[in-house]
Amino acid sequence: MAFELEALPYSVEALEPHIDRETMEIHHDRHHQAYIDNLNKAIVGTDAENASLEDILKNISKYSPAVRNNGGGHFNHKLFWSVLGPNAGGTPTGELAQAIDETFGSFDELKKKLQEAGATRFGSGWSWLIVGEDGKLAVTSTPNQDNPLMDVAEVKGTPIFGIDVWEHAYYLKYQNKRPAYLDAIFNVVNWDTVAQNYASAK
Ligand code: MN3
């Protein structure tokens with residue numbers, strides 16, 4: 001069963017001015033598509049051909065580096081598009097907001113931790129909000145296209161929100177100013193989706 005690229009749930013210019021149209025086009029239509037194409041090639045003749053993406057990632061140490069890089073790339077970007085949105089921003093509410101306050105003290109503390117994790121990730125990678133194996137929220141980061149679902153991850157858990165800190169996610173608009181991108185992105189986070197992810201992960 002081949003993996004396929006889903007359309008964005010909003011238009012390519014919907015996240016302007018925080019994330020520009022050209023970045024979204026290239027990021028979704030070319031980068032994400034390439035991860036999927038390369039994942040489909042890499043799983044031919046392996047048992048990953050009949051496995052779900054989540055099961056592949058949970059057993060990623062069994063597979064080739066190409067499956068790891070491109071399977072991670074597919075999962076991570078699928079999650080990324082879904083937790084962003086136009087007219088989003090704001091702050092979490094309900095159960096998620098309560099859990100954030102309990103774990104981090106405040107939403108601003110969480111935001112700072114996610115930004116720090118992204119800013120200090122050397123090279124390419126992701127900053128994550130996860131539900132850990134203990135059922136609690138945690139912030140972590142991974143290199144390249146790894147993610148916390150993978151059996152090789154240093155800190156394991158279910159990612160409910162992630163920020164792509166590869167240069168392709170921000171370079172056209174922000175150049176080398178990764179912290180400026182890490183500020184701007186909080187204007188387009190769809191916290192309702194993150195709250196749903198939290199409810200199903202915990
Ligand atoms: Mn990316």
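Predicted model: local features only at pLDDT ≥ 70, side-chain atom pairs only at ≥ 80, totals over all residues.

Reader: Let's start with the metal. How do you know which atoms hold the manganese ion?

Author: You look for N, O and S atoms within 2.8 Å of the metal. H27 (NE2), H77 (NE2), D164 (OD) and H168 (NE2) coordinate the manganese ion at 1.9 to 2.1 Å, so they count as donors under that cut-off. Along the chain, the donors follow the spacing H-x49-H-x86-D-x3-H.

Reader: What makes H77 and H168 a pair that links distant parts of the chain?

Author: The two are 91 residues apart: H77 is in helix α3, and H168 is in the loop between β3 and α6 (171-174). Both of them are buried, too.

Reader: Why is D146 called buried?

Author: Its relative accessibility is 8%, and buried means under 20%. So D146 counts as buried. You'll find D146 in the loop between β2 and β3. Leaving aside neighbours within four places in sequence, D146 is in contact with R68, N76, W126 and W128.

Reader: What does H31 touch?

Author: Not counting residues up to four places away in sequence, H31 touches I26 and H168. That H168 is one of the residues coordinating the manganese ion. As for D55, H31 is 24 residues from it in sequence and 23 Å from it in space, C-alpha to C-alpha.

Reader: Now the domains. What are they, and how far apart are their centres?

Author: The domain assignment gives domain 1 (21-82) and domain 2 (94-201). Their C-alpha centres lie 19 Å apart. The contact takes 22 residues from domain 1 and 24 residues from domain 2.

Reader: How do you know that the largest pocket lies between the domains?

Author: You check who lines it. Domain 1 (21-82) and domain 2 (94-201) both give residues to the lining, so the largest pocket lies between them. The space in this pocket is about 340 Å³. It has 20 lining residues, and F75, K78, L79, S82 and N197 are the closest to its centre. The elements giving two or more residues to that lining are α3 (65-82), β3 (157-164) and α8 (191-201). Helix α3 has the largest share, six residues.

Reader: What about the second largest pocket, and which strand gives the most to its lining?

Author: That one holds about 160 Å³ of space. Strand β2 (residues 137-143) gives the most to its lining, with four residues. There are 13 lining residues, and S141, T142, P143, A153 and E154 lie nearest the centre. By type, the lining of the second largest pocket divides into five nonpolar, four polar and four charged.

Methods
Residues numbered from 1 in each chain as written. Heavy atoms only, no water. 1 Å grid on protein atoms, 1.4 Å probe; cavity = no way out; pocket = protein on both sides within 12 Å on 5 of 7 lines; lining within 4 Å. Points joined across faces, edges and corners; volume = space filled by probe spheres on them. Domains from an automatic or database assignment. Nonpolar A, V, L, I, M, F, W, Y, C, P; charged D, E, K, R; others polar. Donors = N, O, S within 2.8 Å, 3.2 Å for Na, K, Ca; no water. Buried < 20%, exposed > 50% of the residue type's maximum accessible area, 1.4 Å probe, protein only. Contact = heavy atoms within 4.5 Å.
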